[in-house]
Amino acid sequence: MTDTLRAFGCLAAFALTVTFAQAAAAEEHQKGKVAAKPVETGIVIRGVTLAGPVGNPGTSTGKTCDFSGEPVDPSGRLEGASVNCRPNGNQANTLPGLPARFNAYCMINAPVKSARLIQAARPENANHCDLSGITPKDATGQFGGAVWR
C-alpha cells in the first residue's frame, strides 16, 4: 500500500510540474502576441488554392476565400488564420511572400471588421500576419470573392 501511495504521489507531482510548465509556456506565447502592434492600414490578402484550369491573373474565380477549416477558440472565433498584410501596404508590396501553392487570392482593406490583425513574419514570408477574434463565417464574408493570381 505504501508503495502504491508513493507511486501515486510521484505521478501527481509530475503532473503538476507539467501543468505549471505548460501554463508558463502559454503565458509567454500570449505575451508575444499581445505585444505585437495591430495592423490597421493597408490591404490584407488571403491565399487560396483552387482546382481546375487557372484563369487570367486578376479575373474572378467565382469562389471565395474560405476560413471554415481554420482553428477556432471555444467561442468559435479564429485563433490566428494566415493572411498577408503590412501597415500601409498595397497589392504590389503585400502579395510577395504569399506561398506559390496559392493560385488565387482575396484582398480587402484593413482593418478587418471585428478582428485582430497582427504582423507575424516568418522566415519565408515577411508579410505574414495572423487574423483572429472573428468567426470563420464573418471572415469569409468580408474577404469575398477570389481572383486568379
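# Asking why: pairs, cores and confidence

Guide: In this predicted model, if the bonded cysteines of the protein are numbered in sequence order, the pairing reads 1-3, 2-4.

Visitor: How many disulfides does a search of the whole structure find?

Guide: The search of the whole structure finds two disulfides.

Visitor: What makes cysteine 65 and cysteine 106 a disulfide?

Guide: The distance from S to S is 2.1 Å, and a disulfide requires the two sulfur atoms to be within 2.5 Å, so cysteine 65 and cysteine 106 count as joined. The angle about the S-S bond is 100°, and the link of cysteine 65 and cysteine 106 is right-handed. Cysteine 65 belongs to the loop between strand 2 and strand 3, while cysteine 106 belongs to strand 4, so this pair ties together parts that are 41 residues apart in sequence. Both of these residues, cysteine 65 and cysteine 106, are buried.

Visitor: How do you know that cysteine 85 and cysteine 129 form a disulfide?

Guide: Their sulfur atoms are 1.9 Å apart, and the limit is again 2.5 Å, so cysteine 85 and cysteine 129 meet the rule. The link of cysteine 85 and cysteine 129 is left-handed, with -90° about the S-S bond. Because cysteine 85 lies in strand 3 and cysteine 129 in strand 6, the pair ties together parts that are 44 residues apart in sequence. Cysteine 85 and cysteine 129 are buried.

Visitor: Why is the pair of phenylalanine 67 and phenylalanine 143 called tilted?

Guide: A pair of aromatic rings is described by the distance of the centres and the angle of the planes. By the rule for ring pairs, the count comes to one aromatic pair. The ring centres of phenylalanine 67 and phenylalanine 143 are 5.2 Å apart and their planes stand at 50°; centres must lie within 6.5 Å to pair, while planes under 30 degrees apart would be stacked and over 60 edge-to-face, so this pair is tilted. Phenylalanine 67 is in the loop between strand 2 (60-64) and strand 3 (79-85) and phenylalanine 143 is in helix 3 (residues 136-143), so the pair ties together parts that are 76 residues apart in sequence.

Visitor: Why is phenylalanine 67 called buried?

Guide: The relative accessible area of phenylalanine 67 is 0%, and buried means under 20%, so phenylalanine 67 is buried. Phenylalanine 143, with 2%, is buried by this rule too. Arginine 46 lies over the face of phenylalanine 67, at 4.1 Å from the ring centre.

Visitor: Which residues have the most contacts inside the largest nonpolar core?

Guide: That core has 23 residues, and those with the most contacts inside it include Val83, Phe67 and Phe143. Among the elements that give two or more residues to this core are strand 1 (43-48), strand 3 and helix 3. Leaving aside residues up to four places away in sequence, valine 83 touches, among others, Phe67, Cys129 and Phe143.

Visitor: Why does methionine 107 count as partly exposed?

Guide: Methionine 107, in strand 4, has 35% relative accessibility; buried would need under 20% and exposed over 50%, so methionine 107 counts as partly exposed.

Visitor: Where does pLDDT stay under 50?

Guide: It stays under 50 over residues 14-34, for which the model has three contacts beyond four places in sequence. The protein averages a pLDDT of 85, and 77% of the residues score at least 70.

Methods
Residues numbered from 1 in each chain as written. Predicted model: local features only at pLDDT ≥ 70, side-chain atom pairs only at ≥ 80, totals over all residues. Heavy atoms only, no water. Phe/Tyr/Trp six-rings, centres within 6.5 Å; stacked < 30°, edge-to-face > 60°. Helix = DSSP H or I, 4+ residues; strand = E, 2+ residues; numbered from the N terminus. Buried < 20%, exposed > 50% of the residue type's maximum accessible area, 1.4 Å probe, protein only. Lys NZ or Arg CZ within 6 Å of the ring centre and 35° of its normal. pLDDT = per-residue confidence, 0-100. Contact = heavy atoms within 4.5 Å. Core = buried A, V, L, I, M, F, W, Y, C linked by side-chain atoms within 4.5 Å.
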